[in-house]
Amino acid sequence: AWLEGWGADDCLHRLLGLSPSLVAISINIANAREGLALSRKIKERAGSVPVVIGGPFASCLPARSLERSAANAVVVGEGEAVIAELVQRSGAGPEAWKGLPGLQLSGQKVPVAAQRARELDQLAFPSYRAFPDLNRYRCRARWKPVGWLLTSRGCPCHCSFCDKSVFPGPCFFHSAGRVLEEIGRWERDYG
């Protein structure tokens with residue numbers, strides 16, 4: 001949205017034009033204010049559409065994120081398995097989400113345990129089809145196109161100041177072969 005110059009109203013208009021049965025918003029510290037506000041605007045305009053928030057910010061502060069948003073639930077921790085399950089249950093609405101591991105519902109006091117992917121190579125490759133021309137994403141240092149490559153989840157360090165609530169426990173890695181395959185996909189698909 002930022003790259004396209006869209007404001008919150010542009011995002012909302014485009015999103016609701018898709019007639020979604022579920023909206024999921026990933027929130028980190030840099031976009032927390034906008035992500036939480038977008039969830040409220042979605043509920044104002046399309047109150048029957050379930051809204052789920054997740055990402056590092058929401059995972060660290062699930063109750064606060066629910067209070068400051070209009071989301072029905074927060075995905076706590078890694079979201080792939082939870083979002084896949086929510087999509088399957090989306091027609092039934094948030095009532096059908098109770099007891100789903102990795103999900104904190106509005107009004108629930110204690111978040112349920114997040115499920116972590118241990119075999120990262122089993123996860124699907126990211127899809128960038130809905131993104132604008134990826135060559136428009138530039139590195140500020142050299143103004144050359146950049147891409148995203150995640151090779152691990154978690155952190156092997158044990159810093160005393162770090163909040164490990166998003167990825168507690170051990171660090172998990174993609175295999176070298178998987179990393180090389182993803183680099184090859186970037187080169188093939190985006191130059």
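Reader: How many salt bridges does the structure hold?

Author: The structure holds six salt bridges. The term denotes a side-chain nitrogen of Lys or Arg within 4 Å of a carboxyl oxygen of Asp or Glu. This is a predicted model, in which local features need pLDDT of at least 70 and side-chain atom pairs count only at pLDDT 80 or more, while totals for chains, interfaces and linings use all residues. Residues are numbered from 1 along each chain as its sequence is written, and side-chain values use heavy atoms, with hydrogens and water left out.

Reader: What makes the contact of Asp9 and Lys41 a salt bridge?

Author: The N to O distance between the side chains of Asp9 and Lys41 is 3.2 Å, and the definition asks for a distance within 4 Å; the pair therefore qualifies. Helices are DSSP runs of H or I with at least four residues, strands are runs of E with at least two, and both are numbered from the N terminus.

Reader: Why is Asp9 called exposed, and why is Lys41 called partly exposed?

Author: Exposed means over 50% relative accessible area, buried means under 20%, and partly exposed lies in between (1.4 Å probe, protein chains only). Asp9 has a relative accessible area of 53% and is therefore exposed. Lys41, at 26%, counts as partly exposed.

Reader: Which residue forms a salt bridge with Arg153?

Author: Glu80 does, with the closest N and O atoms 2.4 Å apart. Arg153 lies in strand 5 and Glu80 in helix 5 (residues 80-89), so this pair ties together parts that are 73 residues apart in sequence. Strand 5 covers residues 152-153. At 17% relative accessibility Arg153 counts as buried, whereas Glu80, at 37%, counts as partly exposed.

Reader: What makes the link of Arg153 and Glu78 a polar contact?

Author: Their side chains are joined at 2.9 Å. A polar contact is a pair of N or O atoms within 3.5 Å; within protein, one must be able to donate a hydrogen and the other to accept it, and residues adjacent in sequence count only if both atoms are side-chain atoms. The value of 2.9 Å therefore meets the distance limit.

Reader: How do you know that the length of helix 6 agrees with expectation?

Author: The expected span is 1.5 Å times one less than the number of residues. For the 15 residues of helix 6 (residues 176-190) this gives 21 Å, and the end C-alpha atoms are 21 Å apart, which agrees.

Reader: Which residues of helix 6 are buried, and why are they said to line one face?

Author: Arg178, Val179, Glu182 and Trp186 are buried. Seen down the axis of helix 6, its buried residues fall within an arc of 100°, so they line one face of the helix. The arc is taken over the directions from the helix axis to the C-beta atoms. On the other side of helix 6, Ala176, Leu180, Glu187 and Arg188 are exposed.

Reader: Why are Arg185 and Glu181 said to be separated by about one helical turn?

Author: The two residues are four apart in helix 6, which corresponds to about one helical turn. Arg185 and Glu181 form a salt bridge, the closest N and O atoms being 4.0 Å apart. Arg185 is partly exposed at 31%, and Glu181 is partly exposed at 42%.

Reader: What is noted about the phi of Ser19?

Author: Ser19 has a positive phi of about 50° although it is not a glycine. Most residues other than glycine have a negative phi. Ser19 is found in the loop between helix 1 and strand 1 (23-26), and at 60% relative accessibility it counts as exposed. Just after helix 6, Gly191 takes a positive phi of about 75°.

Reader: Why is Gly91 called exposed?

Author: Gly91 has a relative accessible area of 80% and is therefore exposed. Gly91 is found in the loop between helix 5 and strand 4 (103-105).
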